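Have a look at the structure first, then read on.

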Protein chains: 2
Amino acid sequence: MRLLIVEDEPGIANFLKQGLEEESYEVDLADNGKTGLDLALNNNYDLLLLDWIVPELSGLEITIKFRAQNTITPIIFLTAKDTLQETITALKQGANDYVKKPFHFEEILERIKVQLRPKTAKNELLMLNSIHINLGSRQVFKNKKEIILTQKEFDLLTYLIQNQGSICTRIDIIKDVWDIHFEYNTGVIDVYINALRKKLNLQKEDDFIQTVRGVGYIAKEL
Amino acid sequence: MRLLIVEDEPGIANFLKQGLEEESYEVDLADNGKTGLDLALNNNYDLLLLDWIVPELSGLEITIKFRAQNTITPIIFLTAKDTLQETITALKQGANDYVKKPFHFEEILERIKVQLRPKTAKNELLMLNSIHINLGSRQVFKNKKEIILTQKEFDLLTYLIQNQGSICTRIDIIKDVWDIHFEYNTGVIDVYINALRKKLNLQKEDDFIQTVRGVGYIAKEL
DNA sequence: CAATTATTTTAAGCTAATCTTAAGACTAGA
DNA sequence: TCTAGTCTTAAGATTAGCTTAAAATAATTG
């Protein structure tokens, strides 16, 4: 998971960065709004942590400009501006949470986790056609018979099924399943799709993983 | 939108209920944890607002029991228990937000809206007449029915629709869709226009792609 | 901690779908 | 009616995705 922190006080910025890196997040820093927005727009972060008062472009302005392009990446404000009006404004403009300074690192961390928490959670059961998936035990069944998948195979399959009915672009997949956030074009995805189709014994007629040429794949109820 | 408030102090409960109803939410109240959990599990609410300290079953217990069954309905804590440890525990157990009393109604309202905000809208939608285009997933629909287009077909169609109402010259098209920047005169464009008309089943009378003789094409609202 | 085994990634040839070309049929306007 | 411009078709060129095997990593075990 990759985060961007926009914060001009080096003390706070580095404190957060270090703490989050210990939790194995990748963290980028921007010490002003302009580079912050720039990074945010060009780097597929999973979450943005914004201070309100930063040079060149305020956190609020970043939010507005960023939300015009991207409405899903969560934004958490972390700021000394603590009036009611400011909180409301930020949330209205697209922030997902608003935490007032001074803050406890543990609370920030937990609030970040909330935002990044997958909508379908552990131990839930996923199913599509003859496939059943137990997210808790990471088991996959086809017609009640268990299919042994590797980690990545499992991750890719559940990703596709959790997004069933909507196209997963290669960029989405490489970002969300491989956690790679830059231009990337090897055949990994193809190899794994191939492995899934083989292990799940999907023939042309019952292949619920459809390829969308030039775009990606889509898992569909048949 | 339907909300459930679990809160035993009638003053706060009614204050919230009234305020939220004015914002045209439907609101149910429970004054103890047991009926609260019961209602929550049997009534497809869009969001739960929980106090921590309520009789019979605490807000935290409700959260744990509820999350075992339902992992998507957002839960907001609204409580006087305000230590770091309590906040973290609630968020860890599945709460989506945690607001400390005393609170401002406007902030609660805004935080509720954040939770209910649709998460999908990453994809820009284009439309013209009966055609809908999802730029993110590169899907095209005519009267809600998906039409499968190839890459170039898709690019050309979106180009025309993005420039709807103004003429796209052949030079423009070859430059912007094919990325060819010199004099070029084959029939490619014609071939693709033809393919679009065919796949979108455009007859003379509903063909929003009009030919401008000697110049190019124009997509027009009919 | 080296050896073994399993997983993930890269790379390359192959296949099938898409893109382009070109040639003949058609059409609108002079 | 004639002609320039457009439409249509089908065959050849190109490219994206499939498949396989082997190389690089990571995990496990004696």
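At what angle do helix α2 (residues 33-42) and helix α3 (residues 59-69) of chain A pack, and how far apart are their axes?

## Ground rules

This is a predicted model, in which local features need pLDDT of at least 70 and side-chain atom pairs count only at pLDDT 80 or more, while totals for chains, interfaces and linings use all residues. Residues are numbered from 1 along each chain as its sequence is written, chains are lettered from A and ligands numbered from 1 in the order in which they are written, and side-chain values use heavy atoms, with hydrogens and water left out.

## α2 and α3 within chain A

Back to that pair: α2(A) and α3(A) pack at about 20°, with 10 Å between their axes. That makes the two helices, α2(A) and α3(A), roughly parallel. Here axes are lines fitted to C-alpha atoms, for helices over the stretch in contact, and angles run from 0 to 180 degrees between N-to-C directions. Angles under 35 degrees count as roughly parallel, over 145 as roughly antiparallel, 65 to 115 as roughly perpendicular and the rest as oblique. Helices (H or I, at least four residues) and strands (E, at least two) are DSSP runs, numbered from the N terminus.

Which residues meet in this pair? From α2(A) there are A:Gly33, A:Leu37, A:Ala40 and A:Leu41, and they meet A:Ile62, A:Lys65, A:Phe66 and A:Gln69 of α3(A); contact means heavy atoms within 4.5 Å. By class, the contact of α2(A) with α3(A) has five nonpolar, two polar and one charged residues. For the classes, Ala, Val, Leu, Ile, Met, Phe, Trp, Tyr, Cys and Pro count as nonpolar, Asp, Glu, Lys and Arg as charged, and the others, Gly among them, as polar. The crossing of α2(A) and α3(A) is right-handed, meaning that the near helix is turned clockwise from the far one by less than a right angle, with anticlockwise giving left-handed.

Now for α4 (residues 84-92) of chain A and α5 (residues 105-116) of chain B: they pack at about 15°, axes 10 Å apart. α4(A) and α5(B) are therefore roughly parallel, and their crossing is left-handed. A:Leu84, A:Thr87, A:Ile88, A:Leu91 and A:Lys92 meet B:Glu106, B:Glu107, B:Glu110, B:Arg111 and B:Val114. By class, the contact of α4(A) with α5(B) has four nonpolar, one polar and five charged residues.

The contact involves A:Glu106, A:Glu107, A:Glu110, A:Arg111 and A:Val114 of α5(A), along with B:Leu84, B:Thr87, B:Ile88, B:Leu91 and B:Lys92 of α4(B). The crossing of α5(A) and α4(B) is left-handed.

## Some buried residues

B:Leu3 sits in strand β1 (residues 2-6) of chain B and is buried, at 1% relative accessible area. Buried means under 20% relative accessible area, exposed over 50%, partly exposed in between (1.4 Å probe, protein chains only). Beyond neighbours within four places in sequence, B:Leu3 has contacts including B:Leu20, B:Val27, B:Leu47 and B:Ile112.

Leaving out residues up to four places away in sequence, B:Arg67 touches several residues, among them B:Ile72, B:Pro74, B:Gln93 and B:Asn96.

## Cysteines

A:Cys168 is buried at 2% relative accessible area, and B:Cys168 is buried at 1%. A search of the whole structure turns up zero disulfides over all chains, a disulfide being a pair of cysteine sulfur atoms within 2.5 Å.
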